[in-house]
Amino acid sequence: MATDLRTALVFTPRVRCTEDLMDSLGRQPWATCSPTAAGFIGRGRGLELRFDFARTARQALDRLASSYYNLVVVDCRHLPGCGRGAVRHEEAVFAFLDALRREPDRERRYPFRRVVALVGDSDETRADHLIFAMGERHVGACLRDVSLSAHHGARSEAARDEFVESFWTLCRKVLVERHRGKKAINAAGGGLSGLYYELGVLKCLDDALDIDLRDFDLYYGISAGAMAVGGLATGYSIDDLLVRLGKVDEAWPYRLQLSWRHLNLSEIPRRISLVQRELLRYAVRMVKREDELSVPSLLGAWAVMLGPIFDSTEFGDGLRRFFEASSYGNDFRTLPTRLFVGATDQDRREHVLFGGEGFDAVPISRAVQASCAAHPFFPSVEVDGRYYTDGIVTRTSNLRSAVDHGADLIFVLDPFVPLITTDAGFNARHGNMWIVEQDYKTMSYTRYEQARNELLRRHSRVSIYTFVPSNSMRRLMSGQNPFVSRNFHGIVCEAYKSAYRRLRTIEYKIRGELASHGIKMDLAPVEERVHRLADAKRPDAGALLGTANPDKRAPSAA
């Protein structure tokens, strides 16, 4: 039976350890070994595993940064004939493991669940301490070579065979028998500019992967992100979304663009009435000496005049027609995959996932409209007697729910991030709306980072890859109102290039994670389009249309 070749990086400063590992495996009747330039290839029991050896921490780190390894093995056994130097051996191993953990980008950090430590020593107390130290560093597994114990004597060879058997069984369990979880896309908010960024990233992913983005298992969307993933979940291709939600097809009748006719003028009479009542209450409190005449009090009374700026009725109607025209319709319950739209119960201050249990009867368009109801721009949306507003108020990305539903590969798209600058006073020179927006983005992304880091700590099997705009791109996106569609082409094209650079940076790690899900990644067609965009006189999202592999949609999908 044909098997896929897996790779393991073995770090040990001792040449004797590398020779012993190869010789011990080669002696097994169920295994064969073939030497290579960097180590050897072991075969047996449905597993073909290439071992590359590294003698120094620097060499091991360089190899991990340039190639993908399914497994990392640190061999810190103190074999007979190695002489003195066990302490230096252990210090070198710990220096390597600590260097792995110091990687600041958690998504680039090699997962310790796929680190295996081999320990063994004639001094059993030393071996016990070493196992404890490995546990402190949270390595995925620690195997003890009891054949090195002074108590084994004549049974040392049989014990060595048992050790090799245990090691190979562990490799099979991690590399071959590992349960494959679900694939999820989580898209946060950010207005129209955020939506355009997400479309550019999704287009890059669709071109790079041999799976159609419509064939993921779980979709989570908040605010603008709900429009993007909602379109994928209901059957629109990423090219369809670029045409309809962007500005590629100017003839599309449901433009995501606000104008004078969308102003919430119909609510002005009600707001005037609210101001009159509030001023009357204020006057009564003054008479009862419960309040005093002051500018803050007067402003507070007049503040009720400031209602939502825009009416979202036409926006909701356009969403309804958009989803009704999709392959699977405007109903969460008819989708072949799971779609969740996050919104905030405005009065209970609770996050709600439309599409989840008890919240799947609402039309998808209504859920998306509620998730996009960002104040002070849009009014809250009533659903079954409750009022809902922007989902980003209570969540940035529903990572926890994705994991609870079985996802272990999650792509997060978060354009709602602040602009970073070393220019002192930069924000102070802008207006209050700018500062409020940057503060809101800072709180949102800080909340997301804390949630992601805690989730990765608790669930080491989960792989999360986050795409956020580069700081230069944040300048482009921050230079306009988030509800203005002016820079569609520039944002989409730059997002495509930015996502390509991110994939190149983490290619050595993500390629193997994708492979565990049966997904192949090829960046060549993406690179070709990036060069084409760079050579163009002006950004044009139309140059991205057309998939590199139009037949990659799974045959079982409708």
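Guide: Helices (H or I, at least four residues) and strands (E, at least two) are DSSP runs, numbered from the N terminus. On that basis the secondary structure of the chain comes to 18 helices and 15 strands. This is a predicted model, in which local features need pLDDT of at least 70 and side-chain atom pairs count only at pLDDT 80 or more, while totals for chains, interfaces and linings use all residues. Residues are numbered from 1 along each chain as its sequence is written, and side-chain values use heavy atoms, with hydrogens and water left out.

Visitor: How much of the chain is buried?

Guide: Buried residues make up 52% of the 558 residues in the chain, where buried means under 20% relative accessible area, exposed means over 50%, and partly exposed lies in between (1.4 Å probe, protein chains only).

Visitor: And which residues touch the most other members of the largest nonpolar core?

Guide: That core has 77 residues, and I185, L339, F354, V368, F411, F467 and L503 touch the most other members. A nonpolar core here is a set of buried Ala, Val, Leu, Ile, Met, Phe, Trp, Tyr and Cys residues joined through side-chain atoms within 4.5 Å. Helix α6 (residues 191-208) gives the most to this core, with 10 residues. There is also a second, separate core of 25 residues, which includes L64, Y69, V74 and F94.

Visitor: What does I185 touch?

Guide: Leaving out residues up to four places away in sequence, I185 touches L202, L213, F216, L218, Y219, Y220, V229, L232, F411 and L413; a contact means heavy atoms within 4.5 Å.

Visitor: Back to α6, then. At what angle do α6 and α7 pack?

Guide: α6 and helix α7 (residues 224-233) pack at an angle of about 35 degrees, with their axes 8 Å apart, and their crossing is right-handed. The contact is made by G191, L195, E198 and L202 from α6, together with A224, G225, M227, A228 and L232 from α7. Axes are lines fitted to C-alpha atoms, for helices over the stretch in contact, and angles run from 0 to 180 degrees between N-to-C directions. A crossing is right-handed if the near helix is turned clockwise from the far one by less than a right angle, and left-handed if anticlockwise.

Visitor: How do the residues of that contact divide by class?

Guide: The contact of α6 with α7 divides into six nonpolar, two polar and one charged, with Ala, Val, Leu, Ile, Met, Phe, Trp, Tyr, Cys and Pro counted as nonpolar, Asp, Glu, Lys and Arg as charged, and the others, Gly among them, as polar.

Visitor: What about α2 and α3, which residues meet there?

Guide: A57, A60, L61 and L64 in α2 meet F96, A99 and L100 in α3, and by class this contact has seven nonpolar, no polar and no charged residues. α2 and helix α3 (residues 86-101) pack at an angle of about 35 degrees, with their axes 9 Å apart, and the crossing of α2 and α3 is right-handed.

Visitor: Why is α17 described as largely enclosed?

Guide: Seven of the nine residues of helix α17 (residues 507-515) are buried, so α17 is largely enclosed by the rest of the structure. The buried ones are E507, Y508, K509, I510, G512, E513 and L514, and what covers them includes α2 (57-66), β14 (407-413), β15 (463-467) and α16 (488-505).

Visitor: And α12, which of its residues are buried?

Guide: In α12 they are I364, S365, A367, V368, Q369, A370 and S371. That is seven of the eight residues of helix α12 (residues 364-371), so α12 is also largely enclosed by the rest of the structure.

Visitor: Last one: is D206 buried or exposed?

Guide: D206, in helix α6, counts as buried at 3% relative accessibility.
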